[in-house]
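The following exercises concern a single protein chain. Please study the sequence and the structure before reading each solution.

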Amino acid sequence: MAPLLAEGKLIGAVTLVRNGDKTIGATDADVLRPYVGGKLAVATQLDGSATIAITNWGLSRHAGLGLLDLSAPVPAGRDVVPLGLGAVCAIVDARGSAAALVGIARDGARFTRTWIPVQLDLDDGGMSDAPLRIASPIDEAHVGAKLAGAALFAWYPANPALGRAPEVLVIGVAQAYRGFAKPRAHPVLAEIVGLDDLGRALLVAHQLEEREPELRQIAGEIESR
C-alpha cells in the first residue's frame, strides 16, 4: 500500500502491483474522479520525501476500479514495495480465512498504514445476478472508518492437499457501500471491487513489451537500372 497524492495532498491509498518492468496502481475510482486533470503522484517513502508521478489513469470495465500508470518503476530500498502479480487474487473470496482492509492515513508529518480486520458476506439485494461482496468490521472501534482506496488482504493457510504453502493475497479494493444489508453485528464498511482487470492490464502490458520490435526510420531512394 502506498499514499496517493493530488497536488501533494493525501487523497487515499493505492495498491501497487508489478509484472516484469510494468507497475500499475489500483484504487477506488471515486477517489480519483474529483482530480481529473490534476497532478497525481504516489509517495514511495512514508515520510513523503520521494514520489513518482502518475502519467494517466482510467476506469476498469466495472467502473469501480481506477487503474493508474506510474511514470517510472519504484526504486529498490523504498518504504513502498510493489506486489508481484502472483500476490493478486482475481476472485473476491477469502474462503473463510482472516481478512483485513489495509489503507493509508496521516500520522503527523508522516503517512502510516491502517489495519481493519473484517468479515465478508454476499449482498445480492434480493434480485442481483452478480451479488456484491461486502465487508463488515469485527471491532466496534472501526465502525465508520475512512477507507479511501483501501485494499482487502486475505491470509490463506497452507493446503497440503493442493501442495500450497501459506500465502497472503490482495483480493480487492474497498468502495463506499450504498446498500442496506447488515449481515453482522456492525454496519457494513465497504463493498469490495475485484482486481481481475488489474491482472489483465498487467498481462497485456507485459506481452506488448515482449513482442514490440525495435523500430528505426529508414530513408533511401529507388533508382532505375
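**Exercise 1. The pocket**

Which residues line the largest pocket?

Solution. The model examined here is predicted.
Step 1: The lining consists of His62, Ala90, Ile91, Val92, Pro131, Leu132, Arg133, Glu191, Ile192, Val193, Gly194 and Asp196.
Step 2: The largest share, three residues, comes from β13.
Step 3: State the volume, which is about 240 Å³ for the largest pocket.
Step 4: Examine how the two strands are related. Strand β10 covers residues 132–137 and strand β13 covers residues 190–193, and they pair in the antiparallel sense over three bridges. Within this pairing, Arg133 has Ile192 of β13 as its bridge partner. Both Arg133 and Ile192 belong to the pocket lining.

**Exercise 2. The barrel**

Determine in what order the six strands close into a barrel.

Solution. 
Step 1: The order is β8-β9-β10-β13-β12-β11, with antiparallel pairing. From one strand to the next, the twist averages 45 degrees.
Step 2: Consider β11 and its partners. Five bridges connect β8 and β11 in the antiparallel sense, and in this pairing Val102 stands opposite Ala151 of β11. On its other pairing, β11 is joined to β12 by six bridges, again antiparallel; here Phe153 stands opposite Val170 of β12.
Step 3: Decide whether β11 is enclosed or open. A residue counts as buried when its relative accessible area is under 20%. Five of the six residues of β11 are buried, and therefore this strand is largely enclosed by the rest of the structure.

**Exercise 3. The nonpolar cores**

Identify which residues have the most contacts inside the largest nonpolar core.

Solution. 
Step 1: This core has 24 residues, and those with the most contacts inside it are Met1, Leu65, Phe111, Leu195 and Leu198.
Step 2: Locate the contributing elements. Two or more residues come from each of β2 (9–19), β3 (22–28), β6 (65–70), β8 (98–107), β11 (151–156), β12 (167–175) and α2 (196–211). The most, three residues, is given by β2.
Step 3: Apart from it lies a core of 20 residues, including Ala99, Leu120, Ala154 and Tyr156.
Step 4: Take Leu65 as an example. With neighbours within four places in sequence left aside, the residues in contact with Leu65 include Ala26, Thr27, Val173, Val193, Leu195 and Leu198.

**Exercise 4. Two individual residues**

Are Thr27 and Ser97 buried or exposed?

Solution. 
Step 1: Place each residue. Thr27 is in strand β3, whereas Ser97 is in the loop between β7 (83–84) and β8.
Step 2: Apply the cut-off of under 20% relative accessible area. Thr27 has a value of 0% and is therefore buried. Ser97 has a value of 16%, so Ser97 is buried as well.
Step 3: List the surroundings, not counting residues up to four places away in sequence. Thr27 touches residues including Leu4, Ala13, Val14, Leu65 and Val173. Ser97 is in contact with Trp155, Tyr156 and Pro157.
Step 4: Relate sequence to space. Thr27 and Val193 are 166 residues apart in sequence, but their C-alpha atoms are 9.5 Å apart in space.

Methods
Residues are numbered from 1 along each chain as its sequence is written. This is a predicted model: local features need pLDDT of at least 70, side-chain atom pairs count only at pLDDT 80 or more; totals for chains, interfaces and linings use all residues. Side-chain values use heavy atoms; hydrogens and water are left out. Two strands pair if DSSP finds at least two bridges between them. Helices (H or I, at least four residues) and strands (E, at least two) are DSSP runs, numbered from the N terminus. Axes are lines fitted to C-alpha atoms, for helices over the stretch in contact, and angles run from 0 to 180 degrees between N-to-C directions. A nonpolar core is a set of buried Ala, Val, Leu, Ile, Met, Phe, Trp, Tyr and Cys residues joined through side-chain atoms within 4.5 Å. Buried means under 20% relative accessible area, exposed over 50%, partly exposed in between (1.4 Å probe, protein chains only). Contact means heavy atoms within 4.5 Å. On a 1 Å grid over the protein atoms alone, a cavity is a set of points where a 1.4 Å probe fits but cannot get out, and a pocket is an open set with protein on both sides within 12 Å along at least five of seven lines; lining residues have an atom within 4 Å of a point. Grid points are joined across faces, edges and corners, and a volume is the space filled by probe spheres set on the points.
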